[in-house]
Amino acid sequence: MLLAEELTLLAIRPDTGRHALGTRSPLNACLAGLLVAELILDGTAQLGQKPATVVLVGEPSSESRILAAVAQVTAQRGPKATAILSSLDRGLRDQLGHGTWDTLTAGLTHAGLLQPRTDGWRRGHHLVAPDVRVRIITRLHTAATSNEPLDPRTALVLSMTGPVRLLKVIAPQRGDRRPARTRINHALDDSPFQPLARVVRRLIASAQAAAGG
């Protein structure tokens with residue numbers, strides 16, 4: 001499962017089948033960061049540090065249409081990570097017909113993990129396999145409330161739960177939230193992906209400032 005698909009499942013509210021946020025822009029920024037990180041983990045791209053840049057060095061090893069489209073956007077809009085992430089939603093829409101969220105939910109639907117809702121006028125999804133979401137939450141809860149070293153994939157998804165306000169999903173018990181928040185905020189410290197995470201947070205801050213202004 002793609003990193004961004006994991007975050008998508010976390011962000012879906014089981015009661016409504018819709019994403020948990022009132023606005024989708026922070027979620028899209030985090031999903032974009034995870035999709036680009038997937039290319040780097042795959043060996044398809046390399047991440048530069050100062051400033052954050054992403055350069056393609058190959059083709060995705062998987063047959064994922066989503067990653068192929070992300071690679072195309074990276075080639076067209078790179079190498080600056082800010083330009084790639086900020087244009088990914090539109091790039092996916094141009095290539096695949098849907099933006100980031102709808103593309104990912106379509107992929108999860110194809111995999112049999114989601115099913116479009118038909119019981120109301122609001123768009124959303126039923127969780128076909130809620131146990132998959134529970135396993136992701138359990139893994140991230142353990143990561144967020146312990147001091148054990150984090151593997152890169154867990155660290156990446158965990159780091160993105162903060163900006164999209166999923167702390168209560170990862171740490172439902174109030175007593176766990178302070179250490180979990182600290183762990184989330186520092187999950188990528190001193191890792192190769194720290195510059196990418198900073199770009200994600202800057203994009204979210206800029207979008208929020210623009211909306212407030």
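Predicted model: local features only at pLDDT ≥ 70, side-chain atom pairs only at ≥ 80, totals over all residues.
Contact here means heavy atoms within 4.5 Å. By that criterion, and not counting residues up to four places away in sequence, V169 touches L10, R133 and I137.

## Overall form

The protein contains 10 helices and four strands. Along the sequence these follow the pattern α-α-β-β-α-α-α-β-β-α-α-α-α-α. The radius of gyration is 16 Å, close to the 17 Å that the globule rule gives for 213 residues, so the protein is as compact as a globular protein of that length. The C-alpha trace spans about 40 × 40 × 40 Å along its principal axes.

Of the 213 residues, 48% count as buried. The protein exposes about 11,000 Å², and carbon and sulfur atoms supply 50% of that area. Among contacts with a separation of 6 or more, 61% come from residues 24 or more positions apart.

Helix α2 comprises residues 25-42. Because 15 of the 18 residues of α2 are buried, the helix is largely enclosed by the rest of the structure. G43 follows α2 and has a positive phi, near 85°.

Helix α9 covers residues 174-185. Its 12 residues should span 16 Å at 1.5 Å a residue; the end C-alpha atoms are 17 Å apart, which agrees. The buried residues of α9 are R177, A180, R183 and I184. These residues cover an arc of only 135° around the axis, which puts them on the same side of α9. An α-helix has 3.6 residues a turn, so residues three or four places apart point the same way. On the face turned away from the buried side, α9 carries the exposed residues G175 and R178.

## The β1-β2 hairpin

Strand β1 (residues 45-48) and strand β2 (residues 53-56) pair in the antiparallel sense over four bridges. A hairpin of four residues joins β1 to β2. G48 has T53 as its bridge partner in β2.

R133 is placed in helix α6, which comprises residues 130-144. Residues under 20% relative accessible area are classed as buried; R133, at 11% relative accessibility, therefore counts as buried. Leaving aside neighbours within four places in sequence, R133 is in contact with L9, L10, I12, P14, L127 and V169.

V169 lies in helix α8 (residues 167-170). At 23% relative accessibility, V169 counts as partly exposed. The C-alpha atoms of V169 and T44, 125 residues apart along the chain, are separated by 32 Å.

## Loop residues and backbone geometry

Most residues other than glycine have a negative phi, and most peptide bonds are trans.

A cis peptide bond joins G78 and P79, with omega at about 10°. Leaving aside neighbours within four places in sequence, G78 is in contact with V73 and I84. The C-alpha atoms of G78 and A171 are separated by 36 Å, the two residues being 93 residues apart along the chain.

R165 is placed in the loop between α7 (152-161) and α8. Although R165 is not a glycine, its phi is positive, at about 60°. D190 is placed in the loop between α9 and α10 (194-212). D190, too, is a residue other than glycine with a positive phi, near 65°.

| Residue | Relative accessibility | Class |
|---|---|---|
| G78 | 26% | partly exposed |
| R165 | 67% | exposed |
| D190 | 77% | exposed |

Definitions and conventions:
Residues numbered from 1 in each chain as written. Heavy atoms only, no water. Helix = DSSP H or I, 4+ residues; strand = E, 2+ residues; numbered from the N terminus. Buried < 20%, exposed > 50% of the residue type's maximum accessible area, 1.4 Å probe, protein only. Pairing = 2+ DSSP bridges. Expected span 1.5 Å × (residues − 1). Arc of directions from axis to C-beta. Rg over C-alpha atoms; globule rule 2.2 N^0.38 Å. Areas by Shrake-Rupley, 256 points an atom, 1.4 Å probe, with all protein chains shown as cover.
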